[in-house]
Amino acid sequence: MAPSATAELVVPVAKADVTKVGKAESGEPEKHVHGGEDKTPLEAISHGVVLAGIPTFTTHAEHRRHILIHTAATFRDFARKGFTEGMSGHISVRDPEFENYIWMNPLGKHFGLMTAGDLICLDIATGKIVGGNRSRPANAAGFFIHSEIHKARPDVHAICHAHTNAGRAWSAFGRGLDMLNQDICDLYDAIAVYADYGGIVFAEEEGRNIARSLGTKNKVAILLNHGLLSTGSTVDEAGFLFGLLDRGCAIQLQVEAARAGNPLLVKHTINDEEAAYNFKMASEKNSLYCEAQPDLEFEMEMAGPGVIERGVENMVIDHGM
């Protein structure tokens, strides 16, 4: 390891540096009454008419159109949030008809300019281009990562990966996130850490390593010295969870910096019982789909009628024939 360019600052650490919330002054745990457990998450959060969850479609073509438009809108949302770094970053989503095919973004197309007609369809097993826009190449490193996760996790229909500032900063520590606030509990016991950096992913084996680290139930992953990755049953869910994970990294960095500046500050984390309850009542696929809609609707409105949808009618699958 190279010598540090700065001198080490040694500060005293307060004895009680982490405290679990949910305890009265007497030290006895406070009792909390949970509600809504007899309802679905959307029923519990909706006061009046219940929000609709993931839409259903009568044809694969209608479903595919919806997926591609929402994928393009998710890219634009990523651009607005600053999740761009040159040609890095990619999103994949399974085709609703051919589950061994995925749609991905073309290499070198700015996220903020993405349309449904830009996307490329690839065979998960072979990498062969089987439909969509052939005017640009796909991202080879992205394909190796995404294809291996899609192979290992048939429950995963969408994957997002990008190199964000907060994500890369926190990834340098090779550890997960504390449950510091209500929102991050959507990822309670669902954050994987790939604590080994294997260089730019130009081989299937490194993609398999990342997929293996994600495990069978985790929703997101922090990749050492690399960035962040999220999954979902829809591209909407995966996109929302990616943003949540990135904001979680930023908040954790801020909290750790504040505590380093004043070791007497006490860091409170949400206890396991409350975190598990929050996860149950919020981290459900229909609820997470709805969480994404305000941002996606904003992107569609800002782009103008027909802009994000442009070219979707040309997105056909020809199986590489």
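Me: Which elements supply the lining of the largest pocket?

Reply: This is a predicted model. In it, α1 (41-45), α6, α7 (272-282) and α8 each supply at least two residues of that lining. The largest pocket has 17 lining residues. I45, Q182, M281, A282 and E291 are the ones nearest its centre.

Me: What volume does the largest pocket have, and how do its lining residues divide by class?

Reply: The volume is about 430 Å³. The lining has 11 nonpolar, three polar and three charged residues.

Me: How much space lies in the second largest pocket?

Reply: About 370 Å³. The lining has 21 residues, and H63, I67, H157, S233 and T234 are closest to the centre. Here α2, β2, α6 and α8 each give two or more residues. The most comes from α2, with four residues. By class, the lining of this second pocket holds eight nonpolar, eight polar and five charged residues.

Me: Next, cavities. A pocket is open, but what sets a cavity apart?

Reply: A probe fits inside a cavity but cannot get out. The whole structure has three cavities of 30 Å³ or more. The largest cavity holds about 60 Å³ of space.

Me: Which residues line the largest cavity?

Reply: They are T74, D77, K81, V235, D236, G239, F240, E291, A292, D295 and L296. The elements giving two or more residues to this lining are α2, α6 and α8. The classes are four nonpolar, two polar and five charged.

Me: Now one residue at a time. Where is H70 placed, and is H70 buried or exposed?

Reply: H70 sits in helix α2. Buried means under 20% relative accessible area. H70 has 8%, so it is buried. Set aside its neighbours within four places in sequence, and H70 is in contact with V235, D236, Y289, Q293, L296 and M300.

Me: How do I read a helix by its buried residues?

Reply: Start with the general idea. An α-helix has 3.6 residues a turn, so residues three or four places apart point the same way. Now take helix α5 (residues 204-214). Its buried residues are E206, G207, N209, I210, A211 and L214.

Me: What covers the buried residues of α5?

Reply: The cover includes α3 (140-152), β7 (191-194), β8 and β9.

Me: What follows α5?

Reply: G215 does, with a positive phi near 75°.

Me: On to strands. How many residues of β6 are buried?

Reply: Check each residue, then each face. In β6, five of the five residues are buried, so this strand is largely enclosed by the rest of the structure. A158, C160 and A162 lie on one side, and I159 and H161 on the other. Both faces of β6 are covered.

Me: Which strands pair with β6?

Reply: Look for bridges. β2 and β6 run antiparallel, joined by four bridges. V93 has A158 of β6 as its bridge partner. β6 also pairs with β9 (residues 227-232), in the antiparallel sense, over five bridges. There, the partner of A158 in β9 is G232.

Me: In which sense do β7 and β8 pair?

Reply: They pair in the parallel sense, over four bridges. V193 has I222 of β8 as its bridge partner.

Me: And which way do the residues of β8 point?

Reply: V220 and I222 point one way, A221 and L223 the other. All of these are buried. β8 pairs with β9 as well, antiparallel, over four bridges. A221 stands opposite L229 in β9.

Me: How many residues lie between β8 and β9 in their hairpin?

Reply: Three. N225 is in the turn, with a positive phi of about 55°.

Me: Last, the nonpolar core. Which members of the largest one touch the most other members?

Reply: W103, L177 and L187, out of 50 residues. Elements giving two or more residues to this core include β3 (101-104), β6 (158-162), α4 (165-171) and β8 (220-223). A second, separate core has 14 residues, among them A141, I145, I149 and Y194.

Me: What is L177 in contact with?

Reply: Leave out its neighbours within four places in sequence. L177 is then in contact with W170, I184, I191, I222, L245, G248, C249 and Q252.

Terms used. Residues numbered from 1 in each chain as written. Predicted model: local features only at pLDDT ≥ 70, side-chain atom pairs only at ≥ 80, totals over all residues. Heavy atoms only, no water. Core = buried A, V, L, I, M, F, W, Y, C linked by side-chain atoms within 4.5 Å. Buried < 20%, exposed > 50% of the residue type's maximum accessible area, 1.4 Å probe, protein only. Contact = heavy atoms within 4.5 Å. Pairing = 2+ DSSP bridges. 1 Å grid on protein atoms, 1.4 Å probe; cavity = no way out; pocket = protein on both sides within 12 Å on 5 of 7 lines; lining within 4 Å. Points joined across faces, edges and corners; volume = space filled by probe spheres on them. Nonpolar A, V, L, I, M, F, W, Y, C, P; charged D, E, K, R; others polar.
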